[in-house]
Amino acid sequence: MNIMIKKGLLAIFLTSILSLSVVYGKPLNDAGCSGLSSVVSITESTGYCYSYQIEVNYDGTGSFALDQMFVAIPACGVAENIINSEGWDIIYDVTDLYSGLQGFHISSINGFGGSNPPGNFTVDFTVCAENLVCKCDLAAFETHITYEALSCIEEEDITVTNPDQCSLDIPPFMACNDLNPGESLFEASSITSGGVSEYTLMLSDAFTSEDALFDLDQGQLVYSSSSAKLFGMATLSSGGNGLDGTEWVINIDFIETDIVDPVMALGQGPEYTETWLYYEVNDSSSYMYRTDDPDDIILLEGRANPFQIGLSAGGGDISEFSAAGGLNWERGTGTGDGVVNIDVNDLCPPEGLVSPILECVEYVVANDNYIAYFGYLNENTSNIVIPVGPKNGFNTNPPGQGQPFNFQPGLQEEVFQIEFDGSDLVWSLESPNSTINSVTASSAPAIRCVAVPTAEISGTLDLCTGESGSLNIALTGAAPWTLTYDMDGAPHEIVTDVSPLKLDVNESGIYTLVSVKDQHGQLGAVSGQGTVNISEPPSALISGGGVLCEATETAMVNIALTGISPLSVVYTDGNAVFELNPTNNNVEIEIGQGIYELVSVEDGRCSGSVDGTAEVTVDTPTATISGGGELCNTSESTLIQISWTGTGTWSAVYTDGTQSHEVDQINGSIYTFETNQPGEYTLVSVTGKTCSASTSGMARVGLTNPLSGEILVDNEHCQDESILLRSSITGDLNYKWSSNGQGGFNDDTSEFTLYTPAAGEEEVTFFLDVSDHCSTLNLTATTTIIHLNSSFNTSPDPVENGFTANLEYLFIPEERDAQHYLWTFDETTVSTQMVASHKFREAGEHEVQLTVSMSDCESITVLPIQVEDNINLYIPNVFNPNAVNEENRRVKVYGEGISQENFTFSIYNRWGGIVYNTNSIKDAQIEGWNGMSDQEGLENNVFTYIIRGMFNNGDPFEETGTITLVK
């Protein structure tokens, strides 16, 4: 029959007489049937969402493999992003059949629990709350987990350890020392109108169709520039539909917003926008609840218009919070909108002073009035708001004159200005600690903004003709200035807004200031004097020079000067620069070869003009001997010449290496003579008209010897190698290489050459013709080329898939005449015989290498081969326990390459009963079955066997068959 076993159990087919039934599991909720347990933890908390991780552990004691798993989720939450570390299937939003709870299901679990080793896996998921109440339920989340191991079911309830505990308690009331930097604290109560309390919080239609009003009995407001919190105890005063008079906890969190929407109904006006802070409701943590019924929760959420803290409509201190700001509310399934209005009292006023500062007073000539410039010093670390009025005003009617009411921390300068008639103008400020400070502006202030102008001229300039310079004029007062100055009785006027002023001048004289006026027309004080002197520039002229015979000789050069001492002269020879400081107007200098020019001349005041050139040259003659050549015999002759530079009639002395020769009275630049005497000809001396010439050169006359030599080449060479050929004759000769072979030369006209043999060449004769201008020499040489073959064959030939492991192979070379053989298998030397034998013990990739050598030549062949396992399986189908041959008395497993891993050999009788079973390949191959069962010999019959396992190469096998027992 066919039997299919659930969850991966192998379905097998036996004969019609074999039956098999398997039942898994224990009764439902039988403790300990799985050996499973879990730990649940929170990995992240964001807003209304928590991320959880379940770690499922198996301790190895259970009997049944886990098949499915269910995790319950609180009814108000929604599970998202569910994953598990093993990638098993996940089904969202299901109802557990056993617990009736809602959650998610992990199915198709395989390989966990039961006979598998201990281990664990993880499940990660996120649950998001629908509202704040649901978030508090998640904070105390107790999950229910159901484990299903086929018919065995286990259930477990696990409480989550949540560091983010949810609490609806009223926050503790704060004192000034509880504040963080940048925070302010106020006592909060319901807003009043004419001494009558209106309300703190209004919710439309929260309980009935009329507005529900809440009065704040006790409360606090703490805020900074980025957040605020309003909390306290309130009474539902009206609109409660039977709940009037009940006490409620209010907790509203606000966060900063970029929404700026001033409430004009408060009377603040758009010009006061910067004195207000704007917030929006933090939906995730704003709520209120009834103290006698904490489950009666009203959730508060934001709207598009902001809440604000700032000046009140009456212009007093901070007293309005979200005066016209709105919010949304949610109570159960009911929703609506509302408004918050509160009155506040500063609990922690700042102690630092806010003091007015009069910076200066400026007189305006055109209007005959004054302008006072004001600033202030705020000694506190935060802004202080002092509304314009009795605490921030001038002694005028009205007291507001454009002064600030929002005072920034620190010293603030040039904040505002007031134009007045010169009467006393007093600005008074009352600091939050009740200290009053004031300043007074008048027509006779301690500090004037504009001082009486002054001007002072200075400087002494020594200029040259055509030059200009600048005198310095220092100015004070209000720009622009009108200046009048005098130069040798001539007045000049200029207008400038630059100080100090650079007055450009190019005339000699004394410069003095006559008057100075500022922008207001005020006349000021002038002082100082400037002097300008104009001088004529100096000049310099260079002349002289000449011709020298030697570079070490010198010539005289003259420099003529004009100007006033001390003078400075700079000249150059074209390469270097030199400086002179002469004390008179005529200078002579001794110089060598070069072209001399003046660079500059100065007399301490002016730079002058330079002119002229002085050239000194060297006329040193030279003489060179050249020519000559090789003579084949003394009956030949060759020419030698002497050439020179310079002028004059020349006399020369030369030598041939043995004796000297003299010639004289030579005109022109070349002298030539003929000779047949070998030797090295050099000049001894050459004399011109006025100077001796330097000599150089050499002319060689040689006598050529007869040619003799040989070709230098090795007697033997290896195949595929180039052959180096050399001539023993060296020098300036002509070479021509040739051979009787089919190869080629890399260069057949040089003293050295390489010959590349043609394929199969075994002997080559080389020819070399060497010649000079006198004769030619013919040379020959022969070399032998050694050829080797390292190819080899195997016996027996490998099968189609390659070589077989544990089989003896012979490796036979094709080359039989070599001197040496070296066999290497897998980089290990095995044999130096001509023929080698080898067995490959393991399957896989191997390498065989043969090296064949003779003399200094060798040939190498490397063969990569693939070796396959020698695998086979055989089971006899009949045996006799009483057989004469002992090997026939048992049923054994025969074969090669069988792995011990997952091996099973079972023999069944015709009723499906097991008469023999082993999981040991060693036992199956050595012992086998002897025909007995339960220590009793069985009668003649036919038995069925099943054998399963794998070969060493990883291939699985499964075979069934029959075995006949015969006695």
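Is the link of Cys464 and Cys606 left-handed or right-handed about the S-S bond? Please keep in mind that we are looking at a predicted model. The link is left-handed, with -115° about the S-S bond. In this disulfide the S to S distance is 1.6 Å. Cys464 belongs to strand β36, residues 460-464, while Cys606 sits in the loop between β49 and β50. The two cysteines are 142 residues apart, and their pair links distant parts of the chain. Cys464 counts as buried at 3% relative accessibility, and Cys606 counts as buried at 2%.

I turn now to the other disulfides. Cys718 and Cys857 form one of them, with sulfur atoms 1.7 Å apart. The torsion about their S-S bond is about -95°, so this disulfide is left-handed. Cys718 lies in strand β61 and Cys857 in strand β75, so the pair ties together parts that are 139 residues apart in sequence. Both cysteines, Cys718 and Cys857, are buried.

The disulfide of Cys49 and Cys128 has its sulfur atoms 2.0 Å apart. Here the torsion about the S-S bond is about 110°, so the disulfide is right-handed. Cys49 is in strand β4 and Cys128 in strand β9, 79 residues apart. Why is Cys128 counted as buried, and Cys49 as partly exposed? Buried means under 20% relative accessible area, and partly exposed lies between that value and 50%. Cys128 has 14% relative accessibility, so this residue counts as buried. Cys49 has a relative accessible area of 23% and is therefore partly exposed.

Beyond its neighbours within four places in sequence, Met69 is in contact with residues including Ile54, Phe104, Phe121 and Tyr147. In soluble globular proteins, nonpolar side chains tend to be buried together.

Finally, I would draw attention to an open sheet of four strands, in the order β40-β37-β35-β42, with mixed pairing. Its edge strands, β40 and β42, each pair on one side only. From one strand to the next, the twist averages 20°. Strands β37 and β40 run antiparallel and are joined by five bridges. Asn472 has Lys502, in β40, as its bridge partner.

Note on methods. Residues are numbered from 1 along each chain as its sequence is written. This is a predicted model: local features need pLDDT of at least 70, side-chain atom pairs count only at pLDDT 80 or more; totals for chains, interfaces and linings use all residues. Side-chain values use heavy atoms; hydrogens and water are left out. Two strands pair if DSSP finds at least two bridges between them. Axes are lines fitted to C-alpha atoms, for helices over the stretch in contact, and angles run from 0 to 180 degrees between N-to-C directions. Contact means heavy atoms within 4.5 Å. A disulfide is a pair of cysteine sulfur atoms within 2.5 Å. Buried means under 20% relative accessible area, exposed over 50%, partly exposed in between (1.4 Å probe, protein chains only).
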